[in-house]
Amino acid sequence: MGRVRRTGETARNLCLVTKSLTVIRETPYSHCLPPPPPPPPPKGKKCQQYEILQRVLLKSIDLLKSKSGANRTEHHTHLYQSDNLIIRRGQSFEMWITLSRPFNPSSDELHLDLKTGPLAVVAKGTHVIIPLVAKLEGDRWEAAVVKQEDKKIKLLVNSPATAVIGRYQLTVETNNQNGSASSTHDPANDIYILFNPWCQDDIVYMDSEDERQEYILNDTGRIYYGTKDQIGARTWNYGQFSDRILAACLFVMEKSGTSPSGWGDPVNVVRIISAMVNSPDDQGVLEGNWSGDYSNGTSPTVWSGSVEILEEYHKKNGTPVKYGQCWVFAGVVTTVLRCLGIPTRTVTNFSSAHDTDVSLTTDVYLDENLEPIENLNVDSIWNFHVWNDCWMARKDLPPGHGGWQAVDATPQETSQGTYCCGPASLAAVRYGQVYLKRDTAFVFAEVNSDKIYWQKNADGTFTQIYSEKKIVGISISTKAVGSNERSDITHLYKHPEGSNEERIAVETACSFGSKAKAYSSPTAQDVSLEVTLDGEGPKMGKDAELMITLKNSSSQQRSVSLHSQVSVMYYTGVHKATVRTDTTDIEVLPNEGEWSISFWMTFFHHSVKFWDELQLHSHSLRGSRRQNTGNQ
């Protein structure tokens, strides 16, 4: 009996051990077993309830981005040769979303998620969460369901007129009581958002459709060059809608290293582009070259458009393109800003001054013998200089200073440590309000500075001996709206030369300059001087006749010492060679008495290298030997 009991106990113990072993053996491998199949979905009303309880997932997005579709045509972006959705801020657009089941607004939630820049932040406007609302209110990020077809919903999406411009990554997020889901990013669904000159709430709004067609949608233009007496024009292909140009323009913005949070303000964007189109301090698009030696790149005169330049810069990951001069810089700026949606035009200023010391004057320094002091003569007057006007309101300036703003990408002087210039309000320039930002003083000097001659005294000081008041800022030109004619816009930059308004503007500006105490107010001139060239001026291979005429309008005879010099200069005002110098003592009779001298310049320019970039320049300086009531 005892054995039997032991046997029974042993059996029971073995059974327990076996069960324990079974648990131990099965537990490590239990995760490898397939989960039990889900119960079949119920039918009828129970089926509908079952679907509502399931998570809603995104299946596809249709941004309706066809060039001929409503989104692109209504946003005036149908000309861009891109397959992405390109829209303008402050305006609604449509899109279709396909879900895993019909959308139920009573239990499902859905929002769009947009991100731009390397570090998107909601507070800075670079991460945008767009909720579904029952009704669009406008001027904010919002979306509404306007149509539903089974599992598809059509959304009408609105953006504010202050939205940051750039390339946005789009995802869709859904949520209900059963869980949330987020779609993965697909580059094909990226959305490009631009400035909108058709939207009244946008800072760049322009109310003339003809001007919008010209300054936004026209992809070709004319750039003027030469001299005030011999104005030439070259055709320029802006190509802002060409394939890959929008991407290249945004690449330029990204290379600036500025935060995308500031890209909603056109003042910031224009200033960034002004800096980035040149290369001295930020590895921008173009390297300037005025040496005449272009063997390591492309001569500036060869370029006929911006597309090749921007494509090369983008393709080479931000290596500056060789080479550019003022009209090339300006042509590229027009392309980039029109591409981004800012109305822009290319402007040429003839007899354009370059003020280097913020005196608001163009200064010429002479020694005791009236010879130029070369190391001091750093100011210059270019035969022509090309920059840009762009259109925007200026909420950062007093009222009345919106409209056209001057922007100059040619690297001449630094502004706050960077080679850029503008945007400067043309209204501020016109009235000499050089204290208003940005770089208004420099632009004013380009178009309306007086040329002042200073003679060195025995004690080392300088005395102003002569001034020329009507030689800077002539025939400021741009292509006319809707035609290839030249439009003279000098009146937008300055009052008529010699008028009281113009002289007041000059006095106002110079009072804020570095030589405010030295500047003298306008006084009557009784001895005038005029320099003329026979016919249309010097021609290649021909002699030229120069005529200098003095006229005395006073009632007394004047003794004048006339110093004249004829030079060959680059169009930038850089001296190349002196052709002839003369000094003549003259007695000019009173009461409209005249004195003239003429001399011939023989065909000297065979020996001048780079003639295509050189211009003949002459200046004469008169000094009276007697007391004179006017400037001498």
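The following exercises, each with a worked solution, concern the predicted model shown above.

Residues are numbered from 1 along each chain as its sequence is written. In this predicted model, local features need pLDDT of at least 70 and side-chain atom pairs count only at pLDDT 80 or more, while totals for chains, interfaces and linings use all residues; side-chain values use heavy atoms, with hydrogens and water left out.

**Exercise 1. Overall description**

State how many helices and strands the protein has, and what share of its residues is buried.

Solution. Step 1: helices (H or I, at least four residues) and strands (E, at least two) are DSSP runs, numbered from the N terminus. The protein has twelve helices and 29 strands.
Step 1: a residue is buried under 20% relative accessible area, exposed over 50%, and partly exposed in between (1.4 Å probe, protein chains only). Of the 632 residues, 48% are buried.
Step 2: a contact means heavy atoms within 4.5 Å. Among contacts with a separation of 6 or more, 67% are between residues 24 or more positions apart.

**Exercise 2. Salt bridges**

Describe the salt bridges of arginine 101, arginine 140 and lysine 515, and state where the partners lie.

Solution. Step 1: a salt bridge is a side-chain nitrogen of Lys or Arg within 4 Å of a carboxyl oxygen of Asp or Glu. The structure holds 24 of them.
Step 1: arginine 101 meets aspartate 108 at 2.8 Å, N to O, and both residues are buried.
Step 2: arginine 140 meets glutamate 137 at 3.8 Å, N to O. Arginine 140 is partly exposed, at 32% relative accessible area, whereas glutamate 137 is exposed, at 65%.
Step 3: lysine 515 meets aspartate 357 at 2.7 Å, N to O. Lysine 515 lies in the loop between helix H12 (500-510) and strand S24 (527-533), and aspartate 357 in the loop between strand S15 (344-354) and strand S16 (361-366), so the pair ties together parts that are 158 residues apart in sequence. Aspartate 357 is partly exposed, at 30% relative accessibility.
Step 4: a network of salt bridges links Asp450, Lys469, Glu502 and Arg503.

**Exercise 3. A buried charge**

Locate arginine 338 and identify the nearest side chain of opposite charge.

Solution. Step 1: arginine 338 is placed in helix H8 (residues 326-340).
Step 1: Lys and Arg count as positive and Asp and Glu as negative; His and the chain ends are not counted.
Step 2: beyond residues up to four places away in sequence, arginine 338 touches several residues, including Tyr80, Glu214, Tyr238 and Arg345.

**Exercise 4. Surroundings of glutamate 173**

Describe the position and contacts of glutamate 173.

Solution. Step 1: glutamate 173 is found in strand S8 (residues 166-176) and is partly exposed, at 27% relative accessible area.
Step 1: its C-alpha atom is separated by 6.4 Å from that of leucine 112, 61 residues apart along the chain.
Step 2: leaving aside neighbours within four places in sequence, glutamate 173 is in contact with Glu109, Leu110, His111, Asp113, Ala181 and Ser182.
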